[in-house]
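Here's a quick tour of a few packing details, from helices to strands to rings. Have the model open as you read.

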Amino acid sequence: MHRVDLARPYGVPDGARLSPVPEALQHPFADCPALPEMGPHGMHGAVVGHDGSAAALPAIGPYDFSSAERVRDALPMGATGAAVRMTLASHANATQYVVKRCPDAWHTTQAWLASRLFGAMGLPTPTTFLVRGCDEAFDGTRESGRLHLASVYLPSYEDFGLWLIGEEARRAVVSQAHDSECTTICDGARIGAHMAGRVMDKLCKQEGAAFWALSPQCARIYAGEVTSRNAMLGLLCEMLPDVYQCELERHYIAALWLGNWDLCNVFMENVGVWRDKEDLPRMMTVDFGACLEMGFQGTCKDTGYEVAVTQRTGLPALPPLTSAFRRDAACFSAELPPDSLTDLTQFPYGEQYAPFVRRLKGFTPDAKEDVVIDALKDPTSARAVAAEMAYRLGRIHQDTLLPWANTASQLACAEMGGPLHGRCDAPAQVHRLLSRRDSLMRLLGGEWAGQAWARTHPTRAAAIIAQQSPFMHL
């Protein structure tokens with residue numbers, strides 16, 4: 001069975017340091033630095049801290065992509081097609097980049113910041129930076145100089161929904177099966193999901209339209225197939241070995257800290273499986289457009305509740321939601337409620353997160369010491385994952401966060417011509433992040449549990465330190 005390797009150190013040198021945050025940012029319409037093509041991952045490591053490149057983190061940018069060309073045989077990416085693939089060179093093996101269009105400069109810089117914060121937890125995500133010169137690649141319009149978010153394209157990444165019906169997931173399930181019935185159920189679910197997906201693709205090709213533009217009749221059929229496909233995917237997810245469930249829980253807990261409203265969409269995208277340089281599968285979050293104060297469709301969380309609850313009703317090709325979204329949860333608060341580990345009503349599409357919280361139900365952070373110590377011995381137990389995440393979060397401090405937040409805020413203000421009224425400034429944002437960190441750590445068992453986990457699993461703790469290292473040294 002292919003196991004997710006959670007203990008391997010990645011060789012990031014302790015001395016790896018970032019360039020200091022500049023006191024004055026470049027004028028938004030000044031010439032952008034070029035992004036040179038250096039090595040198999042372009043200028044920087046594709047997944048800093050995890051790809052074995054020992055690369056330092058890139059500066060925020062923006063870099064000049066005016067000479068970049070869209071990869072013509074690659075379809076727009078994501079459920080809404082908001083990202084395209086581009087390359088700076090014409091040869092067949094040139095590095096490709098995923099370039100995403102965000103609503104405005106504030107959303108773009110905040111998405112960059114959220115990806116940095118996620119990386120600071122030592123979890124894998126594509127390394128991002130900002131670019132200019134990409135308008136024509138999206139809609140053929142005249143270049144406006146707007147910012148776009150970019151990262152290296154990872155051909156070995158696969159969205160979780162697709163990975164679940166692939167051969168790798170089947171091997172993982174079958175390898176732990178105790179009887180032939182489990183294998184039969186797994187294969188049946190895979191076939192069902194495949195068939196539903198084929199009908200969905202056929203409907204879009206038949207009408208030459210994306211799912212959101214299907215005719216009413218086709219939209220109803222499409223929605224039924226999405227429901228069927230997701231039922232099969234949910235069954236497959238429950239059959240995965242605990243080591244994979246641990247990975248889902250890590251990314252869910254990270255989403256709690258960052259307020260990620262879109263960790264896993266209706267197609268089980270935005271999170272998936274990436275194969276690293278040693279061809280080992282690792283869970284990865286790739287989209288941060290609804291984190292921190294950001295809501296959906298260019299809104300903010302505190303003003304975007306109506307958008308969050310109505311945008312699904314405007315998409316008849318998607319099944320109606322069965323879970324509620326609480327109005328009071330439409331914010332990026334400084335404290336997490338006591339039931340946050342399993343409360344799916346705090347998310348607009350909470351039912352889609354159900355596979356991530358399955359083992360966290362009934363978790364009690366204030367268990368007796370001997371119970372905790374005993375549970376930590378099993379690295380795949382839910383309590384061990386909770387304590388491990390408390391350890392990761394406990395290593396993140398103001399000195400780590402403030403430079404990132406300052407950089408994002410300064411660039412957004414420069415792009416938008418002044419202060420961002422109604423949005424947190426960098427110090428206030430960092431204070432809120434640290435307060436959320438503290439409340440989340442309490443829900444996970446506290447700093448004590450994190451330190452106890454590190455003493456129980458020193459090799460794994462050392463690996464986490466290596467993975468966090470590029471984000472910690474300023």
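Predicted model: local features only at pLDDT ≥ 70, side-chain atom pairs only at ≥ 80, totals over all residues.

As for handedness, H11 goes past H13 in a left-handed crossing.

So who touches whom? On the H11 side you'll find Ala 390, Leu 393 and Gly 394, and they meet Arg 437, Leu 440 and Met 441 of H13.

Now for the strands. There's an open sheet of three strands, ordered S7-S8-S9, and the pairing is antiparallel. S7 and S9 each have a single partner strand, so one side of each is left without a neighbour in the sheet. Here are the strands with their residue ranges:

| Strand | Residues |
|---|---|
| S7 | 158-159 |
| S8 | 271-275 |
| S9 | 281-285 |

S8 and S9 run antiparallel and are joined by five bridges. Across from Pro 281 in S9 you'll see Arg 275.

Last stop, the rings: the structure has 19 aromatic pairs. One of them is Phe 65 with Tyr 97, an edge-to-face pair at 5.4 Å centre to centre, with 75° between the planes. Phe 65 sits in the loop between S1 (63-64) and S2 (69-70), while Tyr 97 belongs to S4 (residues 96-100), so this pair ties together parts 32 residues apart in sequence.

Definitions and conventions: Residues numbered from 1 in each chain as written. Heavy atoms only, no water. Left-handed = near helix turned anticlockwise from the far one by under 90°. Helix = DSSP H or I, 4+ residues; strand = E, 2+ residues; numbered from the N terminus. Contact = heavy atoms within 4.5 Å. Pairing = 2+ DSSP bridges. Phe/Tyr/Trp six-rings, centres within 6.5 Å; stacked < 30°, edge-to-face > 60°.
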